[in-house]
Amino acid sequence: MIGDSFLGSTFIALLAGVPLTLQLVVLSVTAGAVLAYGLATMRVSGKLSLDLLARAYVFVFRGTPLLVQIFAIYYGLGQFPSVRHSVLWPWLRQPYWCAILALALNTGAYASEIIRGGLLSVPAGQIEAAMACGMSRFTRYRRVILPLAIRQMLPAYSNEVIVMVKSTALASTITMMEVTGIAAKLISASYRPIEIFACAGALYLAVNFVVGRLFAAMEFALSSERRAAPSLPGPVVRS
Amino acid sequence: MNLKAVAIAVVMAASIPVAASADQQVVRIATEGAYAPWSFSAPNGKLDGFEIDLAKVLCERMKVKCEVVPQNWDGIIPALVAKKYDAIMSALSVTPKRKETIAFSTPYAAAVNTFAVLADGDLKALPGSGEAYSLDTEQDAAKARIADMAKVLQGKVVGVQGSTTAATFVETYLKGAVQVHEYRTTEEHDFDLMNGRLDAVLANATVLTAALEKSDMKDAKLAGPLFSGGVFGVIAVGLRKEDTGLKQQFDDAIASALKDGTVKELSLKWFKLDVGPRG
């Protein structure tokens with residue numbers, strides 16, 4: 001059986017950490033995307049106060065190490081009695097929510113710049129054309145700006161999500177037993193770091209392979225204009 | 001300079017350290033450096049503590065030049081095997097599992113572990129405070145006491161440093177009763193005890209005693225019995241299995257330092273009690 005060999009049993013033990021790793025990724029990337037969209041609209045709003053606020057946020061969270069942010073949120077916030085007595089403490093008490101919070105705040109900063117770049121890449125002529133057609137602001141975003149912006153930002157954003165998958169490994173520093181946390185524990189029991197880290201690395205590769213394919217599929221779906229039109233029935237001659 | 005000359009120069013440069021170390025053997029000793037008062041970083045950034053002092057004494061007696069290097073606890077044994085250094089002096093307990101991978105010198109200290117809790121927390125009346133049990137010679141009494149404690153500890157969150165004998169202890173005796181959180185250092189679990197994330201921590205009694213002297217831990221106290229022996233084992237120098245010559249040197253140096261009272265003297269200096277191996 002696969003569980004009998006050392007590699008097999010290591011692999012099975014590490015698999016138990018995959019659900020937690022995925023939860024950390026999905027929750028933090030989702031929350032981070034919402035935050036990033038808000039920050040990006042602040043940046044392109046044209047209002048100086050909102051712009052400066054978003055710039056300051058991005059400066060701080062993009063300019064400091066994620067590990068420092070995780071420690072600051074997990075150990076730092078817990079030092080203040082006012083935080084410990086606040087309504088947020090039942091969540092901040094748990095390493096799980098601290099990890100998600102730190103990861104979300106961090107990816108929010110990076111992703112906001114990606115979204116801003118996407119929004120700015122939409123040609124002015126396209127927006128003007130949409131306005132000329134009498135589209136409302138909402139329709140304009142839905143039908144013209146966002147599809148174009150999302151298509152532009154997908155390659156950069158897929159990078160960001162892949163980085164996030166790997167960044168969840170840092171949650172092991174605040175006692176979370178995700179893939180890397182379990183790997184560290186297994187190493188301390190067997191002293192065979194090469195096999196165990198190879199297994200852990202393979203799991204991250206597998207997750208990131210799926211993430212990469214998902215983004216490739218989205219890119220394909222959003223770039224129909226770059227493909228040849230589907231052939232029509234009948235004798236249509238094409239060059 | 002032609003290619004041949006470059007090659008010769010490279011080979012010569014590479015061979016210089018070998019020639020230099022032939023005069024005097026250099027032994028590199030790894031320590032965690034975050035386990036006061038055994039080993040810690042002093043405010044000036046230098047390593048200090050019981051094991052740093054002891055390493056100096058042992059190296060003098062072994063007539064070798066020593067270099068003490070800091071190393072994260074969780075990789076300390078794999079890095080020894082990978083020859084990043086030659087010995088470990090880091091309150092490293094002798095356990096059967098570790099003996100499969102590395103060799104140990106004769107022990108230079110006993111390992112006594114106990115719990116710390118918040119002085120006004122739910123666990124302030126943990127049974128067995130003030131008692132001491134050897135898991136080797138008083139196994140039945142210790143187990144009965146642990147069973148009493150397990151009732152009080154039911155559902156509580158206990159912090160331990162990962163890959164330690166304290167982690168083995170909770171795994172062996174309190175599995176199912178408590179929720180265990182594993183930390184990279186004891187300092188981190190101390191933080192979380194004070195934050196209220198943990199109900200108790202289990203660690204080496206000398207380390208907890210030193211930590212409790214700090215002002216930010218004034219609201220915590222030791223609780224429950226002192227446990228020694230069994231899973232906690234004794235503390236010795238960790239060495240690679242093939243380095244039998246070095247093991248012999250360490251064995252002789254430790255034996256002489258135990259015999260003339262140097263270990264006891266250093267122990268009293270750092271722990272205010274004698275942690276020397278008994279018997």
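Here is a working chat about a predicted model with chains A and B.

Colleague: Let's start with chain A. How many helices and strands does the secondary structure come to?
Modeller: There are 11 helices and zero strands in chain A. Read from the N terminus on, that gives α-α-α-α-α-α-α-α-α-α-α.

Colleague: And is chain A spread out or a compact globule?
Modeller: Chain A is more spread out than a compact globule, because its radius of gyration is 23 Å, well over the 18 Å that the globule rule gives for 239 residues. The C-alpha trace spans about 65 × 55 × 25 Å along the principal axes.

Colleague: What share of chain A is buried?
Modeller: Buried residues are 30% of the 239.

Colleague: Switching to the contact between the chains, how many residues come from each?
Modeller: Chain A gives 13 residues and chain B gives 16. On the chain A side, helix α10 (residues 179-190) has the largest share, with five residues. By class, that side of chain A divides into six nonpolar, four polar and three charged residues.

Colleague: Now chain B. At what angle do α2(B) and α9(B) pack?
Modeller: Helix α2 (residues 50-62) and helix α9 (residues 244-259) of chain B pack at about 115 degrees, with axes 9 Å apart. They are therefore roughly perpendicular to each other, and α2(B) passes α9(B) in a right-handed crossing.

Colleague: Which residues make the contact?
Modeller: From α2(B), V57(B), L58(B), R61(B) and M62(B) take part. Those from α9(B) include F250(B), A253(B) and I254(B). The class count for this contact is seven nonpolar, two polar and one charged.

Definitions and conventions: Residues numbered from 1 in each chain as written. Chains lettered and ligands numbered in written order. Predicted model: local features only at pLDDT ≥ 70, side-chain atom pairs only at ≥ 80, totals over all residues. Axes fitted to C-alpha atoms, helices over the stretch in contact; angles between N-to-C directions. Helix = DSSP H or I, 4+ residues; strand = E, 2+ residues; numbered from the N terminus. Parallel < 35°, antiparallel > 145°, perpendicular 65-115°, else oblique. Left-handed = near helix turned anticlockwise from the far one by under 90°. Contact = placed C-beta atoms within 7 Å. Nonpolar A, V, L, I, M, F, W, Y, C, P; charged D, E, K, R; others polar. Rg over C-alpha atoms; globule rule 2.2 N^0.38 Å. Buried ≥ 20, exposed ≤ 12 C-beta atoms within 10 Å, placed from the backbone.
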